[in-house]
Amino acid sequence: MRRLLLVGWLAPPTLALAVLLALLAGGPWALLAAVPAGATLWGWGALARNWRSWGYQERDDDLLIRRGVLWRQLTVVPYGRMQLVEVTSGPLERRFGLATLQLHTAAAATDATIPGLPPTEAERLRDRLTELGEARSAGL
């Protein structure tokens, strides 16, 4: 989905730039359009690395969420601290059969989201985390 967005945003301006430069300045100037074309190719590979960097693991007392290629981040969310678990899916996500799970805790700085899940897995995880959160918070 993100690759489609990348190509959809960068291909039309790249093509327009190449045509305009070829018509107005001559053929060799159209090669300047290679710069945004190169950015598109670089972005294609960067999106693959970014996608592979996301992961999560359900443990006995908490949920681990890891992400990041250059700046790696590991978020640990204790089940007892979860206040709300929601599943969202925008129009493009629904088109590609994806959903995002977001965890809300009392800490404002907690950025616990898991994007790109199949909707059935997101709903299963939401139900499981809600169940575990209720069980763990009862002891507080």
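Tryptophan 9 counts as exposed, at 68% relative accessibility (exposed is over 50% relative accessible area, buried under 20% and partly exposed in between, with a 1.4 Å probe and protein chains only). The model is predicted, so local features need pLDDT of at least 70 and side-chain atom pairs count only at pLDDT 80 or more, while totals for chains, interfaces and linings use all residues. Residues are numbered from 1 along each chain as its sequence is written, and side-chain values use heavy atoms, with hydrogens and water left out.

Tryptophan 9 lies in helix α1 (helices are DSSP runs of H or I with at least four residues, strands are runs of E with at least two, and both are numbered from the N terminus). The 23 residues of α1 should span 33 Å at 1.5 Å a residue, and its end C-alpha atoms are 33 Å apart, which agrees (the expected span is 1.5 Å times one less than the number of residues). A kink of about 25° lies at leucine 10 in α1, shortly before proline 12 (the bend is the angle between axes fitted to the seven residues ending at a residue and the seven starting there). Leu6, Thr14 and Leu21 of α1 are buried, and their cover includes α2 (contact means heavy atoms within 4.5 Å). Just after α1, glycine 26 takes a positive phi of about 110°.

Threonine 40 is among the buried residues of α2, with Gly43, Ala46, Ala48 and Ser53; what covers them includes α1, β1 and β2 (62–67). Not counting residues up to four places away in sequence, serine 53 touches Arg66, Arg67, Gly68 and Val69.

The largest pocket holds about 470 Å³ of space (a pocket is an open set of points on a 1 Å grid over the protein atoms alone, where a 1.4 Å probe fits, with protein on both sides within 12 Å along at least five of seven lines; lining residues have an atom within 4 Å of a point). Of its 17 lining residues, Arg2, Trp51, Leu98, Pro115 and Gly116 are the closest to its centre. Elements giving two or more residues to the lining are α1 (2–24), α2 (34–53), β1 (55–58) and β6 (112–117).

Note on methods. Points joined across faces, edges and corners; volume = space filled by probe spheres on them.
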